[in-house]
Amino acid sequence: MTVPTVFLTGATGLVGSQILVRLLRADVPVCVLCRGDKRGTAQQRLEAVLVPFEENALLPRPRVISGELGKPNCGVSTQDLEWLQERELSVI
């Protein structure tokens, strides 16, 4: 049985970052919807969240999908939408 990929929004927030770290430590496949802003790209913002949790061991990295919930199709690129459509997803 294949484990669904968890599609997580809010991964750079207080609660979302805790959920993300627990999923990654449990080897659950994760992709996150993250937006870039003046602090950096979506990938850079996510890295800033994960690094403090890596005192003893590196965490696996989730797939980062750049987008924003308030936009049509969450502002996700066509390529990323196709990637998402090819997977069984659980959404948090």
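The model is predicted, so local features need pLDDT of at least 70 and side-chain atom pairs count only at pLDDT 80 or more, while totals for chains, interfaces and linings use all residues. Residues are numbered from 1 along each chain as its sequence is written, and side-chain values use heavy atoms, with hydrogens and water left out.

**Overall fold**
- The protein chain holds 3 helices and 4 strands, which are DSSP runs numbered from the N terminus (helices H or I, at least four residues; strands E, at least two).
- Along the sequence these elements follow the pattern β-α-β-α-β-α-β.
- Along its principal axes, the C-alpha trace spans about 40 × 40 × 20 Å.

**Helix 1 against helix 2**
- The axes of helix 1 (residues 14–25) and helix 2 (residues 42–50) come within 10 Å and cross at roughly 80°, where axes are lines fitted to C-alpha atoms, for helices over the stretch in contact, and angles run from 0 to 180 degrees between N-to-C directions.
- Ser17, Leu20, Val21 and Leu24 in helix 1 meet Leu46, Val49 and Leu50 in helix 2, contact meaning heavy atoms within 4.5 Å.

**Nonpolar core**
- The largest nonpolar core has 16 residues, of which Leu20, Val30, Val32, Leu46 and Leu50 touch the most other members; such a core is a set of buried Ala, Val, Leu, Ile, Met, Phe, Trp, Tyr and Cys residues joined through side-chain atoms within 4.5 Å, and buried means under 20% relative accessible area (1.4 Å probe, protein chains only).
- Helix 1 gives the largest share of this core, 4 residues.

Methods: Buried means under 20% relative accessible area, exposed over 50%, partly exposed in between (1.4 Å probe, protein chains only).
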